[in-house]
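Please read them with the structure open beside you.

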Amino acid sequence: MHLGVNIDHIATIRQARGTAYPDPLAAVSICLAAGANSITAHLREDRRHIQDRDIEGLAAIDGLHLNMEMGVTDEMVAICERLKPKACCLVPEKREELTTEGGLDVVGQHSRMAAAVERLSAAGVRVSMFIDPVAEQIRASREIGAAVVELHTGHYANYQGAAQVRELAALADGAKLAADLGLLVHAGHGLTLENTPAICALPEVEELNIGHAIIADAIFKGLHQAVADFRAVMIR
Ligand SMILES: CC(=O)[C@@H](O)[C@H](O)COP(=O)(O)O
Ligand SMILES: NCC(=O)COP(=O)(O)O
């Protein structure tokens, strides 16, 4: 199982003071040395954390498996076509949200999503759809030619008790359906050291993208240790 480390919130700290530090690019070698396989960064339309120069710098790192998260807009598709990261993950975006609140509506915006997937795939970028574990959304992602679905684990992470058990079952069913349809299955959002093991137990999930909890843990134990601890949980 691959670990993608989302480095957005290193940029969040930098942007809070308008300084040049901390530099998200400086995190790349530390994350990889600690067991990460790839780096994820979300260039939001409002540029609240990752800036254009960050994503350009990441895309220029030789051999780096960069997963660029982005809204489905002409601006972002054009940037991704130009930079050609190894992978991109299309996500829903609302300017007023604190973080991504749910998955894409691939069913409802079929033609817009299909056009973006076609352009990005033609540029050689592997496209992932960030969706809730809903059968119709998984099937629609397959229909429009996406290679990957990233199942949104945010609700699972926020719920407790019976609701969390139900959401985990939905993720398990979604992962199985997606794999049966020939899609690669990733998962992410809101994952912590405590709630990650149950997601690791889903046999179809090949990659986790984790950011907020790793950067939060890094404040107390350092980035290398924070990444290594997630890697250890995944191995266990
Ligand atoms: C799409 C997703 O699950 C996360 O990568 C998240 O959107 C990161 O960016 P924010 O923390 O700004 O929401
Ligand atoms: N796509 C999920 C991601 O990259 C990280 O989300 P989070 O761990 O910051 O919630």
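1. The lining of the second largest pocket divides into five nonpolar, three polar and nine charged residues, where Ala, Val, Leu, Ile, Met, Phe, Trp, Tyr, Cys and Pro count as nonpolar, Asp, Glu, Lys and Arg as charged, and the others, Gly among them, as polar. This pocket is lined by 17 residues, and those nearest its centre are Gly71, Val72, Val91, Pro92 and Glu93. Its volume is about 180 Å³.

2. Some words on the basis of these values: this is a predicted model, in which local features need pLDDT of at least 70 and side-chain atom pairs count only at pLDDT 80 or more, while totals for chains, interfaces and linings use all residues. Residues are numbered from 1 along each chain as its sequence is written, chains are lettered from A and ligands numbered from 1 in the order in which they are written, and side-chain values use heavy atoms, with hydrogens and water left out.

3. A pocket here is, on a 1 Å grid over the protein atoms alone, an open set of points where a 1.4 Å probe fits, with protein on both sides within 12 Å along at least five of seven lines, and its lining residues have an atom within 4 Å of a point. The largest pocket holds about 650 Å³ of space, and among its 31 lining residues the closest to the centre are His9, Thr99, His189, Gly190 and His212. By class, this lining has seven nonpolar, 17 polar and seven charged residues.

4. Ligand 1 takes the space of the largest pocket, a placement that requires more than half of its atoms to lie within 2 Å of the grid points. Taken alone, ligand 1 exposes 340 Å², of which the protein buries 94%, with areas from the Shrake-Rupley method and a 1.4 Å probe.

5. Ligand 2 also sits in the largest pocket. A nitrogen atom of ligand 2 lies 2.6 Å from a side-chain N or O atom of Glu69, and a nitrogen atom of the ligand is 2.5 Å from a polar side-chain atom of Glu150, whereas a polar backbone atom of Gly211 is 2.8 Å from an oxygen atom of ligand 2. The protein buries 93% of the 310 Å² that ligand 2 exposes when taken alone.

Note on methods:
Grid points are joined across faces, edges and corners, and a volume is the space filled by probe spheres set on the points. A polar contact is a pair of N or O atoms within 3.5 Å; within protein, one must be able to donate a hydrogen and the other to accept it, and residues adjacent in sequence count only if both atoms are side-chain atoms.
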